[in-house]
Amino acid sequence: MIDFAGEDKDLDLALIKQLIDSIHIPSPPQLLLDLRELLQSEDADPEVIASMLGRDSALAAKTLTIVNSPLYKLKEPVSSIARAAVLLGPRIIQSAIISSAFREMVSGLIVEKSFLHEYWRHSLSVAEICKVVAERLHAANRSINSNDAYLMGLFHDAGMVVLMVKDNQYLQSILRSKALYENLANVEAEDSLINHADVAYFMSKSWGLSGDVRRAIRYHHGAQDALALSPAADSYLSILIIAEYLSVLYDEEQMFGLEFRSQQEIMAAMQRVNMSIVDLKKVQATLLDL
Ligand SMILES: [Fe+2]
Ligand SMILES: [Fe+2]
């Protein structure tokens, strides 16, 4: 059950919920809901996590792939899920489950192929860059977690898919925003559509993303409202703005990658997370190596 008190007071949740219900966006898989509470505790029993992960062979396999990736520099490959759960920790496992279930959910939706292709091209690129930027900033800002930053990038435009499933005409709004070089949120308002950032916020809440991340998602087109954000949520928002800028730098042809960030907005975001031009260049170098 989602708690709509406090942070959601000013959202037209009834309308967003009606929209999501009307197109039957699948909710998070039961396994994720069952594991959520368990994974939120840092001292969750790895044996219990492993037995729950074992209920889904694809997820169990994915967990092993992650732990055996070069990132973990293990001498011997790991074949036990319980051992993988110990090595990775609950947070990484939760992030892997959310990301894989979310991808599966979106690929099951009936949406125009070219749109979906562009959506993934943008979201995966932003997610990857969010992770790299967060890793770079983590040493100086411990409230930033790179797995959470990745999920933020993955979910931030999920509202577009929902709006697209509802009505193919939504593509016209996206194209118009691109042609006019206009913030998509403004075009959505003109076309009397729900803001995709609000829809993505709602989804990120039901999928269990952290409060700071989902608030950053909600404000990713309204930086002026971000003044009310907590320092951690503000850091995530800044990372998202920087990542969108970098993603366009490497892929100018993205359909909706350029969500119209002014130079001023990017500089302000960098300042808010104490990111220097040297840091930015280092992130760019890392991205070229990927
Ligand atoms: Fe975006
Ligand atoms: Fe967006």
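Val-78 touches Leu-64, Val-67, Asn-68, Arg-83, Ala-84 and Leu-87, leaving aside residues up to four places away in sequence; two residues are in contact if their C-beta atoms, placed from the backbone, lie within 7 Å. Val-78 sits in the loop between α4 (57–67) and α5 (81–88). Helices here are DSSP runs (H or I, at least four residues), as strands are (E, at least two), numbered from the N terminus. Val-78 has 18 other C-beta atoms within 10 Å, so it is partly exposed. The scale is this: 20 or more other C-beta atoms within 10 Å of a residue's own make it buried, 12 or fewer exposed, and anything in between partly exposed. Val-78 and Ile-16 are 62 residues apart in sequence and 43 Å apart in space, C-alpha to C-alpha.

This is a predicted model: local features need pLDDT of at least 70, side-chain atom pairs count only at pLDDT 80 or more, and totals for chains, interfaces and linings use all residues. Residues are numbered from 1 along each chain as its sequence is written, while chains are lettered from A and ligands numbered from 1 in the order in which they are written.

Now the whole protein. It has 16 helices and zero strands. Its C-alpha atoms fill a box of roughly 55 × 45 × 40 Å along the principal axes. For 290 residues, a compact globule would have a radius of gyration near 19 Å, and the protein agrees because its value is 19 Å. That radius is taken over C-alpha atoms, and the globule rule is 2.2 Å times the number of residues to the power 0.38. Of the 290 residues, 41% count as buried. Take contacts between residues at least 6 apart in sequence: 67% of them join residues at least 24 apart.

Next comes helix α8 (residues 146–155). Nine of its ten residues are buried, so α8 is largely enclosed by the rest of the structure. Among the buried ones are Asn-147, Tyr-150, Leu-154 and Phe-155. Their cover includes α6 (90–107), α7 (113–138), α9 (158–166), α12 (196–206), α13 (211–218) and α14.

Helix α14 (residues 231–250) also meets helix α15 (residues 263–272). Their axes come within 9 Å and cross at roughly 135 degrees. The two helices are therefore oblique to each other; angles under 35 degrees count as roughly parallel, over 145 as roughly antiparallel, 65 to 115 as roughly perpendicular and the rest as oblique. From α14, Asp-234, Ser-238, Ile-241, Ile-242 and Tyr-245 make the contact; from α15, Glu-265, Ile-266, Ala-269, Met-270 and Arg-272 do.

Definitions and conventions:
Axes are lines fitted to C-alpha atoms, for helices over the stretch in contact, and angles run from 0 to 180 degrees between N-to-C directions.
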